[in-house]
Amino acid sequence: CGIIEKHGITNVGYWVPLENPERKLYYILSYPSRKARDDSWKAFFDDPEWKKASSESEKDGPLVAKVESTFLQTTDFSPPVKPAKHDPARVYELRIYTTGPGNLPRLHDRFRKHTMALFSRHGMNHFGYWSLDAGQPGAENTLLYLLSHTSKESCEASFKAFRADPEWLAARDASEKAAGGSLTVKDGVISILMAPTDYSPSR
């Protein structure tokens with residue numbers, strides 16, 4: 001993390017799923033621009049300190065089996081995305097929505113006008129909302145966001161209350177009536193509960 005920061009990259013947060021049979025690590029980094037990102041990583045991989053740390057940590061074999069990288073842009077309704085620490089550490093929830101054709105703007109509008117305020121009403125904390133950067137698979141139909149909760153149990157209670165809220169039911173029904181059906185595809189909502197690592201700037 002220190003070498004990453006040294007080369008102008010912001011460590012936003014690092015998390016592992018509460019249920020993690022695939023041994024995944026999720027993390028968010030931010031950059032001033034795509035070019036700055038490319039320049040920073042080139043300097044990072046050329047850094048002798050990184051080369052030494054990498055070599056020493058992998059003397060018994062590679063640590064990583066697979067790396068996936070996704071470029072995100074914050075939505076216009078997202079709060080500023082920045083590291084945030086809480087004591088005790090919170091449970092974070094990554095939610096990924098896949099919409100039907102042409103429905104991503106409708107979903108954004110529902111979040112902008114209704115969903116975010118209702119999340120707050122029911123005790124959920126907004127961390128960030130993103131669309132995929134243009135040119136990537138799913139850029140036209142994907143919304144990702146992170147919420148934080150005081151516990152797994154508080155997450156479940158908050159969503160139970162949210163789903164029963166008459167204002168949410170009215171907003172959902174109105175948006176689906178205008179779209180001619182659900183804004184998301186079948187099984188198009190994924191939720192992953194995560195715990196921050198001990199070195200995460202967001203906890």
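Visitor: At roughly what angle do the axes of α4 and α6 cross?

Guide: This is a predicted model, to be clear. The axes of α4 (residues 104-121) and α6 (residues 166-179) cross at roughly 175° and come within 10 Å. Over 145 degrees counts as roughly antiparallel, so α4 and α6 are roughly antiparallel to each other.

Visitor: Which residues in α4 meet α6?

Guide: Arg106, Arg110, His114, Thr115, Leu118 and Arg121. Among their partners in α6 are Glu167, Trp168, Arg172 and Glu176.

Visitor: How do the residues of that contact divide: nonpolar, polar, charged?

Guide: Six are charged, five nonpolar and three polar.

Visitor: New topic. In the largest nonpolar core, which residues touch the most other members?

Guide: Phe111, Phe119, Tyr129, Leu143 and Tyr145, out of 20 residues. β4 (91-99), α4, β6 (142-149) and α5 (152-164) each give two or more residues to this core. The most come from α4, which gives six.

Visitor: What does Phe119 touch, beyond four places away in sequence?

Guide: Phe111, Met124, His126, Tyr129, Tyr145, Leu147, Phe159 and Phe162. Another core, of 10 residues, lies apart from the largest one. Ile28, Leu94, Ile192 and Met194 are among its members.

Visitor: Over to Thr197. Buried or exposed?

Guide: Buried, because its relative accessibility is 10% and the cut-off is under 20%. Thr197 lies in the segment after β7 (184-196).

Visitor: What is Thr197 in contact with, leaving aside neighbours within four places?

Guide: Tyr14, Trp15, Val16, Leu25 and Arg203. Trp15 is 182 residues from Thr197 along the chain, yet their C-alpha atoms are separated by 5.4 Å.

Definitions and conventions:
Residues numbered from 1 in each chain as written. Predicted model: local features only at pLDDT ≥ 70, side-chain atom pairs only at ≥ 80, totals over all residues. Heavy atoms only, no water. Axes fitted to C-alpha atoms, helices over the stretch in contact; angles between N-to-C directions. Helix = DSSP H or I, 4+ residues; strand = E, 2+ residues; numbered from the N terminus. Parallel < 35°, antiparallel > 145°, perpendicular 65-115°, else oblique. Contact = heavy atoms within 4.5 Å. Nonpolar A, V, L, I, M, F, W, Y, C, P; charged D, E, K, R; others polar. Core = buried A, V, L, I, M, F, W, Y, C linked by side-chain atoms within 4.5 Å. Buried < 20%, exposed > 50% of the residue type's maximum accessible area, 1.4 Å probe, protein only.
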